[in-house]
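Visitor: I have not seen this structure before. Could you take me through it by question and answer?

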Amino acid sequence: MIFLTAAATTTPPESTQQAIGYPTLFLLVLIGALVPVVPTGALVSSAAVVAFHQTAPFALLLVFAVAALAAFLGDVALYWLGQRGMRSKNGSRWLETLRDRAPEDRLAQAQEKLSDHGIAVLVLSRLVPAGRIPVMLACLMAKMPLRTFARGDVPACLAWAVTYQLIGILGGSLFSEPWEGVVAAVALTLAISVAPSVWRRVRRPAA
């Protein structure tokens with residue numbers, strides 16, 4: 001992973017890190033938005049740690065802009081592919097992926113929140129671990145136009161990028177070595193991502 005390599009004790013020049021790191025961040029976040037298995041939050045936090053320790057001006061701003069843009073383009077592309085699947089008699093593998101990653105209970109909650117709050121729920125869906133796909137599927141089932149979805153997804157992606165960048169800045173400020181901050185940021189983002197599922201498993205026997 002480029003950001004873990006860049007954060008090693010012996011780092012390449014900042015110009016090299018930027019020339020390789022920003023395009024790599026963009027590509028990985030874009031892929032992660034299309035294929036929801038890449039830990040994009042951890043990637044953004046790691047990139048923010050490295051940028052925090054750089055002397056180049058606007059490094060953190062560039063990480064934020066690249067991450068938010070890639071997340072937005074990935075979301076819009078995935079929604080467009082989902083729309084094509086909804087219109088097709090045979091569906092599509094993209095639509096099936098969305099359905100596989102949206103349990104019935106989470107989908108029902110997403111549909112209820114979408115009905116109550118409209119596109120504003122997209123912001124929360126990006127911040128809640130595993131919340132993006134059920135809400136996206138609920139939007140597809142409600143036949144929300146792509147333009148409307150994109151309008152709601154802009155603040156969602158901005159809020160998401162800010163949140164995970166702040167986690168990276170926190171990790172970078174706590175440790176003098178970039179690699180230590182990367183480890184801390186990745187550990188925190190992974191803990192956040194698994195916390196909801198762990199909590200549901202803990203509560204289930206008592207239900």
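This is a predicted model: local features need pLDDT of at least 70, side-chain atom pairs count only at pLDDT 80 or more; totals for chains, interfaces and linings use all residues.

Visitor: How many helices and strands does the protein have?

Guide: Read along the sequence, the pattern is α-α-α-α-α-α-α-α-α-α. The count for the protein is 10 helices and 0 strands.

Visitor: What percentage of the residues is buried?

Guide: A residue is called buried when its relative accessible area is under 20%. The protein has 207 residues, and the buried share of them is 41%.

Visitor: Among contacts with a separation of 6 or more, what share joins residues 24 or more positions apart?

Guide: Contact here means heavy atoms within 4.5 Å. Taking the contacts in the protein with a separation of 6 or more, residues 24 or more positions apart account for 76%.

Visitor: Is S125 buried or exposed?

Guide: S125 is placed in helix 7, which covers residues 121-127. The cut-off for buried is under 20% relative accessible area. Because S125 has 6% relative accessibility, it counts as buried.

Visitor: Which residue has its backbone oxygen 2.7 Å from a polar atom of the S125 side chain?

Guide: Beyond four places in sequence, S125 is in contact with G131, R132 and V135. The backbone oxygen in question lies 2.7 Å from a polar atom of the S125 side chain, and it belongs to L122.

Visitor: What is the volume of the second largest cavity?

Guide: The structure holds 2 cavities of 30 Å³ or more. The space in the second largest cavity is about 40 Å³.

Visitor: Which elements give two or more residues to the lining of that second largest cavity?

Guide: S125 is one of the residues lining this cavity, and others include L122, R132, V135, F149 and D153. The elements giving two or more residues to the lining are helix 7, helix 8 (132-141) and helix 9 (146-174).

Visitor: How many charged residues are in the lining of the second largest cavity?

Guide: The lining includes D75, R126 and M136. By class it has 4 nonpolar residues and 1 polar residue, and the number of charged residues is 4.

Visitor: Which helix gives the largest share of the lining of the second largest pocket?

Guide: This pocket has a volume of about 150 Å³. Among its lining residues are R106, Q109, S125 and V135. At least two lining residues each come from helix 6 (104-117), helix 7 and helix 8. The largest share, 4 residues, comes from helix 6.

Visitor: How many nonpolar residues are in the lining of that second largest pocket?

Guide: The lining includes A110, K113, L124 and P134. It has 3 polar and 2 charged residues, and the number of nonpolar residues is 6.

Visitor: How far apart are the C-alpha atoms of A130 and R106?

Guide: A130 is in the loop between helix 7 and helix 8. A130 counts as exposed because its relative accessibility is 57%. Along the chain A130 and R106 are 24 residues apart, while their C-alpha atoms are separated by 9.3 Å.

Visitor: What is the phi of K143?

Guide: K143 is in the loop between helix 8 and helix 9. K143 is exposed, with a relative accessible area of 72%. K143 is not a glycine, yet its phi is positive, at about 60 degrees.

Visitor: Where is P39, and how far is it from V29 in space?

Guide: P39 is found in the loop between helix 2 (14-34) and helix 3 (40-52). Because its relative accessibility is 41%, P39 counts as partly exposed. P39 and V29 are 10 residues apart in sequence, and their C-alpha separation is 8.4 Å.

Visitor: Which residues does V66 touch, leaving out those up to four places away in sequence?

Guide: V66 lies in helix 4, residues 59-87, and is buried with a relative accessible area of 17%. V66 and T24 are 42 residues apart in sequence and 9.9 Å apart in space, C-alpha to C-alpha. Not counting residues up to four places away, V66 touches Y22, L25 and F26.

Technical notes
Residues are numbered from 1 along each chain as its sequence is written. Side-chain values use heavy atoms; hydrogens and water are left out. Buried means under 20% relative accessible area, exposed over 50%, partly exposed in between (1.4 Å probe, protein chains only). A polar contact is a pair of N or O atoms within 3.5 Å; within protein, one must be able to donate a hydrogen and the other to accept it, and residues adjacent in sequence count only if both atoms are side-chain atoms. On a 1 Å grid over the protein atoms alone, a cavity is a set of points where a 1.4 Å probe fits but cannot get out, and a pocket is an open set with protein on both sides within 12 Å along at least five of seven lines; lining residues have an atom within 4 Å of a point. Grid points are joined across faces, edges and corners, and a volume is the space filled by probe spheres set on the points. Ala, Val, Leu, Ile, Met, Phe, Trp, Tyr, Cys and Pro count as nonpolar, Asp, Glu, Lys and Arg as charged, and the others, Gly among them, as polar.
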